[in-house]
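Morning, everyone. I have one chain to go through today, and I will keep it short. Please have a look at it first.

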Amino acid sequence: MKLNLQLFAVPFRRTSKTKKRMRRTHLKKEAGEFLTCPKCGAAIRPHRACAKCGYYKNEDVLHIKKAEEEK
Ligand SMILES: [Zn+2]
């Protein structure tokens, strides 16, 4: 009788908690880069207009109206 079995490499032992955790210490999301807006000082992403004051490269590109100006 011929058995048509395919043999695979099988882990000798289950990976321990410590080994698994040691491996996963490198799996983390990096914090994005942030700059401070020169106009209002809020944290902004580089190459993007400031969400608070709408300024990019000292130019008002979003024309966000402030609550104080509307009154
Ligand atoms: Zn700003």
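His47 sits in the loop between β2 and β3, the latter being residues 55-56. This is a predicted model, so treat what I say as a reading of the prediction. The phi of His47 is near 65°, a positive value in a residue that is not glycine. Most residues other than glycine have a negative phi.

Lys57 lies between β3 and β4, with β4 at 59-60. Lys57 is not a glycine either, and its phi is positive, at about 55°. Lys57 has 8 C-beta neighbours inside 10 Å and therefore counts as exposed.

Leu35 belongs to strand β1. Which residues does Leu35 contact, leaving aside neighbours within four places in sequence? They are Ile44 and Pro46. Leu35 and Arg45 are 10 residues apart in sequence, with 6.1 Å between their C-alpha atoms. Leu35 has 13 C-beta neighbours inside 10 Å, so it counts as partly exposed.

Next, the cysteines. Cys40 is in the loop between β1, residues 35-36, and β2, residues 43-44. Beyond its neighbours within four places in sequence, Cys40 is in contact with Cys50, Lys52 and Cys53. From Cys40 to Cys50 is 10 residues in sequence and 8.7 Å in space, C-alpha to C-alpha. Cys40 is partly exposed, because it has 14 C-beta neighbours inside 10 Å.

Now the chain overall. It has 2 helices and 4 strands, and from the N terminus the order is α-β-β-β-β-α. Of its 71 residues, 3% are buried. Among contacts with a separation of 6 or more, 0% join residues 24 or more positions apart.

Last, confidence. The average pLDDT over the chain is 83, and 87% of the residues score at least 70. Where in the chain is confidence lowest? That is helix α2, residues 67-70, with a mean of 56. Confidence is highest in helix α1, residues 17-24, at 95. Where pLDDT is low, the predicted coordinates should not be read in detail. That is all from me.

Technical notes:
Residues are numbered from 1 along each chain as its sequence is written. This is a predicted model: local features need pLDDT of at least 70, side-chain atom pairs count only at pLDDT 80 or more; totals for chains, interfaces and linings use all residues. A residue is buried if 20 or more other C-beta atoms lie within 10 Å of its own, exposed if 12 or fewer, and partly exposed in between; C-beta atoms are placed from the backbone. Two residues are in contact if their C-beta atoms, placed from the backbone, lie within 7 Å. pLDDT is the predictor's confidence in each residue, from 0 to 100.
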